[in-house]
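Please take the sequence and the model together, and follow the chain from its overall layout down to single side-chain pairs.

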Amino acid sequence: MSKQVLVPLDGSPQSSDALEHALEEFADDEITVFHVIDPIDAGYNAPVGLPGGSEEWYEGAKEEAQSLFEEAQEVADEYGITLKNATEMGRPARTIVEYADDEGFDHIVMGSHGRSGVSRILLGSVAETVVRRATIPITVVR
């Protein structure tokens, strides 16, 4: 029976490395790439107080996710693998753990640090939180 593998993507080099690892190690399994749209980002990027600002931000975030999925599929095509993809809105660590549990994933493969930089010595804050809270095996790729 094949496993369901979740690979969170945020556009960082580490998440790309995690995808490559998943494609190599779980080639016979079902791989889903996953992007979390963090509403906290809207506070920094959306034009506050302008009508439609939050909608424009959200549409831009969805387009960014779609772009990440297209890039991921181009990499997967080199392995002859078709990826599934999913997007959710929420705080990244919590959303990754909840989505993995709710959808019955067997494994998470993720980068050690996201695009926001190194906030911990060994692990980024999102990766650290997922490792602490997930109920399934996790592979963290440096």
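Does E128 count as buried, or as exposed? At 17% relative accessibility, E128 counts as buried, where buried means under 20% relative accessible area, exposed over 50%, and partly exposed in between, with a 1.4 Å probe and protein chains only. This is a predicted model, in which local features need pLDDT of at least 70 and side-chain atom pairs count only at pLDDT 80 or more, while totals for chains, interfaces and linings use all residues. Residues are numbered from 1 along each chain as its sequence is written, and side-chain values use heavy atoms, with hydrogens and water left out.

The protein chain has five helices and five strands, both taken as DSSP runs numbered from the N terminus, with helices being H or I of at least four residues and strands E of at least two. Read from the N terminus on, the order of these elements is β-α-β-α-α-β-α-β-α-β. Of the 142 residues in the protein chain, 41% are buried. The accessible surface of the protein chain comes to about 8,200 Å², of which 47% belongs to carbon and sulfur atoms; such areas come from the Shrake-Rupley method with a 1.4 Å probe, and for residues only the protein chains shown count as cover. Among the contacts in the protein chain with a separation of 6 or more, 73% are accounted for by residues 24 or more positions apart, a contact meaning heavy atoms within 4.5 Å.

β1 and β2 pair in the parallel sense over five bridges, and two strands are said to pair if DSSP finds at least two bridges between them. Within this pairing, V7 has V33 of β2 as its bridge partner, and P8 stands opposite F34 in β2. Four of the five residues of β1 are buried, so β1 is largely enclosed by the rest of the structure. For β2 the count is seven of eight residues buried, so β2 too is largely enclosed by the rest of the structure.

Helix α1 covers residues 13–25, and its 13 residues, at 1.5 Å a residue, should span 18 Å, which agrees with the 18 Å between its end C-alpha atoms; the expected span is 1.5 Å times one less than the number of residues. Which residues of α1 are buried? They are S15, A18, L19, A22 and L23. Seen down the axis of α1, these buried residues fall within an arc of 135°, so they line one face of the helix, the arc being that of the directions from the helix axis to the C-beta atoms. The face of α1 turned away from this buried side carries the exposed residues P13, E24 and E25. What covers the buried residues of α1 includes β1 (4–8), β2, α3, β4 (107–111) and β5 (138–141).

The charged pairs come next. Side chains of opposite charge can pair when their charged atoms come close. The structure holds four salt bridges, each defined as a side-chain nitrogen of Lys or Arg within 4 Å of a carboxyl oxygen of Asp or Glu. One of them joins E30 and K84, whose closest N and O atoms are 3.4 Å apart. This pair links distant parts of the chain, since E30 lies in strand β2 (residues 30–37) and K84 in strand β3 (residues 84–89), 54 residues apart. E30 is partly exposed at 28% relative accessibility, and K84 is partly exposed at 45%.

Another salt bridge is formed by the side chains of K62 and E59, at 3.3 Å from N to O. Because K62 and E59 are three residues apart in helix α3 (residues 53–77), they are separated by about one helical turn. K62 is partly exposed, with a relative accessible area of 36%, and E59 is partly exposed, with 39%.

The residue of the opening question returns here, as E128 forms a salt bridge with R132, the closest N and O atoms being 2.7 Å apart. E128 and R132 are four residues apart in helix α5 (residues 125–133), and so are separated by about one helical turn. Whereas E128 counts as buried, R132 is exposed, with a relative accessible area of 65%.
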